[in-house]
Amino acid sequence: MRKKFLFPLIFGIILTAYSTFTLLEAFVIPSEIVYLDDGSFGGESGSNADDDYLTNEVTANAPESPEPPAETGGEPSGGDTMGGDKDDSPETTSPGTSEPETTDETTPEETEPPAPPEPIITENSYICPEFSVTITTVREYDTDIYVADVVLSDISHLKAGLAKNAFGRNLSEKTSKIAKRLAAVLAINGDYYGFRSRGFVMRNGYLYRDSVQKGSGHEDLVVYSDGKFEIIDEAGSDANSLAENGAVHIFSFGPGLLRDGEITVDEKSEVELALKSNPRTAIGQIGPLHYVFIVSDGRTDKSAGLTLLQLANFMQSLGCDNAYNLDGGGSSTMYFMGKIVNNPTDGWYNGERKVSDIVYIG
Amino acid sequence: MYISDEKIAERRSLGVKVYAPVTVFCAIFFLIYDRFSHGVRSPYMTFLFVPPLVLGLLPSLIIYLLPRIPKQPAVSADVYHAGVASVTVSSMLRGIFEIAGTSSSYQEYLMVAGVVLLAAGAVIYAAAIVKDLISSG
């Protein structure tokens, strides 16, 4: 009798252990890690892109370090809703509070370089010579939708940040925490690349992953060095060619919502067969260096959430030519000047979910 | 003699007794999981009950209801049932990953292993049947 059940018993134990490992490998265990040099850009290894191109791209578009913007005089933080270090953060809603001190007595005015204009900061906007951000809340489709209108002087101010300062699977941090560390003025969650083992990943001019996702119909958003957005079919594209053609960022979540002003989803289009309204995160381009970041609430009594078609319609109404759906649901988070703007929830737990990456202005 | 027949019948019914609750469990597992998945569905999770039903319960019922079918060798049964378990667990993992929006090559390896085990178990059983037919003339 014992012998009869020995094989099923041993096999059951092996199967249980294997399944547990498979789940942990997919959801918990960090892997494929590439640590970044300075928190903004790729390190020495892990890229499949041409090294010369990378050097050029990073040099062309990257700030030298993730230090706070000079205009703010420090990390634009101070929100109550986030944990983490914020001891030296200035208040955010008063225009004069972040003014750096001048040293008139020690330095003659003749030798002093002209001081950059002070940013104009209000509760819902941030305007400086390099970029402007204006946030409005819109009520549509029984849902609160947060719209960040962004105008840049240069695409280098549209950046991506990675959790734990590293690229890899199952590395995650809250959007607000990454945003604070990188001194972001505005941030939204990205495509949660770390949840998948395949799919193009390019951030800040550095190509981390060039493998194509299995199956068809995966659409990526390519952001070029001239600020142009393009939505591509991943299966028919080559990440290295995109990099050679000037791509700075490639996001692989999708689907694309708008191409050249035309809606590319319908009422049956959903992410991974989800047929419900959900919190959403999306990014769209209105014109040259003019973008909108969208985050909607959802899964709450107050906000139903959006279907992809509703989201596409909304972004079309804003005048977007190209728009792209990023990771949504519990990941959807918008951060502005140290505060979380929306109400992140996965429907069960209220609060931010940890994600693998953010898109930010700073 | 009577006791021996009873034991044989009990052995033949063992598959039904195991696979019936496993099939029901898989169906209930989907219903519960579906309540927490925000409307995201995967056919691998929705039809999780199919592998134990088609590969386990139905063959077991045939063996139980048709006593004249030759007895399945222990090795064949062990290997085949391991295959059913592997395929079922692999389907469940695939469903979980698809609903979450990710994938795992380890899950695919398990599916391949399950199919190989199923095939091996079936081949061993077929060989035993052929051998039995030859020996019985």
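Trp348(A) sits in the loop between strand 21 (339–340) and strand 22 of chain A, where strands (E, at least two residues) and helices (H or I, at least four residues) are DSSP runs numbered from the N terminus. At 55% relative accessibility, Trp348(A) counts as exposed; the cut-offs are under 20% relative accessible area for buried, over 50% for exposed and in between for partly exposed (1.4 Å probe, protein chains only). The model is predicted: local features need pLDDT of at least 70, side-chain atom pairs count only at pLDDT 80 or more, and totals for chains, interfaces and linings use all residues. Residues are numbered from 1 along each chain as its sequence is written, chains are lettered from A and ligands numbered from 1 in the order in which they are written, and side-chain values use heavy atoms, with hydrogens and water left out.

**Surface patches**

- Patch residues have over 30% relative accessible area and no salt bridge; like charges are joined within 9 Å, and nonpolar side chains (Val, Leu, Ile, Met, Phe, Trp, Tyr) within 5 Å.
- A positive patch consists of Lys164(A), Lys174(A), Lys177(A) and Lys354(A), with the place of each Lys charge taken as NZ.
- Lys354(A) belongs to strand 22 (residues 354–355) of chain A and is partly exposed, at 45% relative accessibility.

**Chain A overall**

- Chain A contains 5 helices and 23 strands.
- Of its 362 residues, 52% count as buried.
- Chain A exposes about 16300 Å², 52% of it supplied by carbon and sulfur atoms; areas come from the Shrake-Rupley method with a 1.4 Å probe.
- Among contacts (heavy atoms within 4.5 Å) in chain A between residues at least 6 apart in sequence, 72% join residues at least 24 apart.

**Salt bridges**

- The whole structure holds 12 salt bridges over all chains, each a side-chain nitrogen of Lys or Arg within 4 Å of a carboxyl oxygen of Asp or Glu.
- Glu173(A) and Arg181(A) form one of them, at 2.8 Å from N to O; Glu173(A) is buried at 7% relative accessibility, while Arg181(A) is partly exposed at 30%.
- Asp233(A) pairs with Arg259(A) at 3.4 Å, N to O. Asp233(A) lies in strand 13 (residues 229–233) and Arg259(A) in strand 15 (residues 256–259) of chain A, so the pair ties together parts 26 residues apart in sequence.
- In chain B, Glu98(B) and Arg94(B) meet at 3.0 Å, N to O. The two are 4 residues apart in helix 4 (residues 74–100), and therefore separated by about one helical turn.
- Arg139(A), Asp142(A), Asp144(A) and Lys302(A) are joined into one network by salt bridges that share partners.

How values were computed: Lys and Arg count as positive and Asp and Glu as negative; His and the chain ends are not counted.
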